[in-house]
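Keep the model open while you read.

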Amino acid sequence: MDKNHSTKNEQKERVLLPSYQPGNLVHLVLLKGGSLIGLIGLSAFFALSSQHFLTISNVLNIFRQVSVVLIAACAQTMVIISAGIDLSVGPLIALGGSVGAVAMSYWGWDFLSGAFLGVIIAMLAGFTNGILIAKGKIPDFIGTLGMLGAFRGVALLITDGLPVPSHFTATALKGYLPPALVWLGAGDIFQIPAPMIVALIMIGITWFILMRTSFGRSIYAIGGNKEAARASGINVEWTKIWVYGLSGLYCGIGGLVLTGRMNSANALMAEGIELQTIAAVVIGGTNLFGGQGTIFGTFIGAILMGVLANGLNLLNVEPFWQRVINGIIIVSVVIFDQWRRRKLIS
Amino acid sequence: MVNPESTPTLVIKNVSKKFPGVEALKNITLDIYSGEVHAVLGENGAGKSTLMKILGGIIPRDSGEILLENKSLRLENPRLALQAGIALVHQDLSLLPYLSVAENIFLGRWPKKGISVDWEKMNESTNQLLNRFQVKVDPRALVGTLSVAEQQLIEILKAISHSHVKILLLDEPTSALSGEEINRLFQILKEIKNEGKSIIFISHKINEAVKISNRITVLKDGEKVITDTKPNLDEQTIIYHMTGKYINLKNFHHTPPTKEKTIALSLEEIGTKFYKKKISLNIYQGEILVVFGLMGSGKTTLARGLFGFETLEGTIRLFGNPVTINHPKIAIQLGIGYIPEDRRFGLIYELPVYANITLAILKKMIRNGVLQIKKEHEVAKHYVQALRIKPPNIFREILYLSGGNQQKVLLARWLAREPKILIMDEPTRGIDVGAKFEIRNFVKGMVQKGLTVIYITSDPLEAIEMGDRIVVLRNGQIVTTFNNPLGLDKSEILAAASGVHYGRENDG
């Protein structure tokens, strides 16, 4: 029986790094596709409860709403697979968006230059995280928690704590955001929301990095066993620094998309988004302790959270209750995930 | 001792266990009598550990019955197993280093005086227990300050300090112990046995099993092959039952190079901050240099130092050129490979076999910045076949491979890089006979092709079998070099390593 599996698997070209040895269909569905089942079940429930749920406009709306979380969650996936955690995702988004918006609306920079500056600043901030953690040898949790405050402060300094562009300062210079930026957040191509396209591109890039580059393989290796990775010649510090740098870059892009969608940036935006990204990653089956995970799982996880928020809105569930339900769902999924892992190990 | 007429203490009846894709145990039936030491032997993956875990309540059985003194046991968790009278002593120690010996032994059931702990009573009871087995340890000493061997004894005493325990399960009890410590352990096991308790232990070391057990059970592929009393099972027969083939333990030697020797690695006055004494040594190309030493001899420090994990003082020359190795990356670039003492420090358990094999050659697997996955698969397949890694599935995660096969993967990783020098630290410790044999033979084959191997071991028989030369290390110092180990007696090596003045004194 065992041998049959082996030969079958060898013939099949496997693209993803398998997180376990497939057994029968029940195993495959239950143990691997946990979040996908959740997503389908939840969608079916909302579709039956509300006639608006399964309309094209609503589905596209869900995608538009989750796109920023999704972009940041791509970065968070890489960070968590490397056995780290980035708690400064929210401020990084605010920083990237604010810097870009300030450059474009107050300094008169064109869209591309402004966007480039915003992304680069966020990336530098990300590198700061990485250097603190890798060179300063402090826990990832502490490093990014500290920077969470610092980056938010920098964003506040840059924007003077005001929305950008703001009525108070807009009069002096060109006080509006370039149409390209607004399109990035709110536009569409053939009805497909532009932010969703950005998110899908970022997912594709992340997949490529994780599956098709030695850097990606190093991310899995240092997350799985840091010492073994080091003994195999992998530069652990360098990999860590770049993972956090990439996290900054992704967040910078996410910040621009968010700014475009709201037609305004402010230093306090994307508050609490780090927890949403972590939830999406963990719901997607990535091991919170590193070494295992897929970008596809994160995609499902983020969509699941988007569907939940959207569906509860459609059902007119009170916002306070929405928070409660959100929390319960996240914890339930993780409990299920732990159960799944125990099953896989024993 | 074992009286077949008497009723067995523990009856294991038709116990089976399936894991996804593997039948780990098939209808195991086994009786254990009171006051017997029962060895369970088998290659890795034969089901020994599974059986122990089921008895210890760590994993549930799928079917079958387990009776202790005619009472059917459910064994749902380790606590219930202990309550029923079965205590499992873990392979990796589970003591708390910052608590005292007494506190550890009575963990969870500290004697109370009112609401406070009765320290005097606890230390006194511990003292009695220690005296009973002649273990000379202070009950107040922190466990973390004890040697590994002492910690293991404490762990065993902790298990039998529950007076109702009738069955003691030991998982590889001697794997971390040196010769003298092993004898002491055996002495204690004998005393436990004399108290009427039964001991079931699993081990890779067949000679030890033969030495201390009354009866031996051999498992193969989850099935019981045989249970018999010792006189009927000698080492050769046991190996036959375990592997299904006869292995001639003698004819392993390959001919050492006779041509003029190139010095591959030359160590001049090497030492560390901890080991003040210096080592000077030449290692020739195409030879297997065995570094033999017991625990604390500095052999692992030397290996780690040569690979850049520790700072070494002195001069290292690689093919005549002086080199500074202060990071594994540099060692790898210089063509040095390293298989660590503990494979858990070498493997990435979450990654499949192929990714573990290509981990050190990722740079070569890239074209235009893109990993050539197909090429990776080819390389991995080549080594899986060459080293006969089982199952022959390169997508399987390392976690699901047996210890011997994991070790082969680690070996494959370095061979794929084609190193000039391979440092292997205890490469066959804790793996089954078949894999041991295959790994040793493969290494010898590679040496014929020009690989230089520094082979570190604390098993004297392995040292004699593998070494073109044997260097014996003690307290960070070379005490003896055996230039022609063929026909050497293991007692000579052990004597040198343990500081007994005896044996040939050759100059290396």
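Predicted model: local features only at pLDDT ≥ 70, side-chain atom pairs only at ≥ 80, totals over all residues.

Chain A has 346 residues, and chain B has 508. Chain A comes to 16 helices and two strands. Chain B comes to 16 helices and 24 strands.

**Chain A overall**
- In chain A, 51% of the 346 residues count as buried.
- Take the contacts in chain A with a separation of 6 or more: 78% of them join residues 24 or more positions apart.

**A helix pair in chain A**
- Helix H10 of chain A spans residues 194-212, and helix H13 of chain A spans residues 236-262.
- The axes of these two helices lie 11 Å apart.
- The angle between H10(A) and H13(A) is about 170°. Angles over 145 degrees count as roughly antiparallel, so H10(A) and H13(A) are roughly antiparallel to each other.
- H10(A) contributes A:Pro195, A:Val198 and A:Met202 to the contact.
- H13(A) meets them with A:Tyr250, A:Ile253, A:Val257 and A:Arg261.
- By class, this contact between H10(A) and H13(A) has six nonpolar residues, no polar residues and one charged residue.

**Chain B: size and packing**
- The C-alpha atoms of chain B fill a box of roughly 70 × 50 × 50 Å along the principal axes.
- The radius of gyration of chain B is 24 Å. A compact globule of 508 residues would have a value near 23 Å, so chain B agrees with that expectation.
- Of the residues in chain B, 47% count as buried.
- Among contacts in chain B between residues at least 6 apart in sequence, 68% link residues at least 24 apart.

**Chain B: domains**
- The domain assignment of chain B gives domain 1 as residues 10-243.
- Domain 2 of chain B is assigned two segments, 249-335 and 419-508.
- Domain 3 of chain B covers residues 349-409.

**Where domains 2 and 3 of chain B touch**
- Nine residues of domain 2 of chain B are in contact with eight residues of domain 3 of chain B.
- On the domain 2 side, helix H14 of chain B (residues 433-448) supplies the largest share, four residues.
- That side of domain 2 of chain B divides into six nonpolar residues, one polar residue and two charged residues.

How values were computed: Residues numbered from 1 in each chain as written. Chains lettered and ligands numbered in written order. Rg over C-alpha atoms; globule rule 2.2 N^0.38 Å. Buried ≥ 20, exposed ≤ 12 C-beta atoms within 10 Å, placed from the backbone. Contact = placed C-beta atoms within 7 Å. Domains from an automatic or database assignment. Nonpolar A, V, L, I, M, F, W, Y, C, P; charged D, E, K, R; others polar. Axes fitted to C-alpha atoms, helices over the stretch in contact; angles between N-to-C directions. Parallel < 35°, antiparallel > 145°, perpendicular 65-115°, else oblique.
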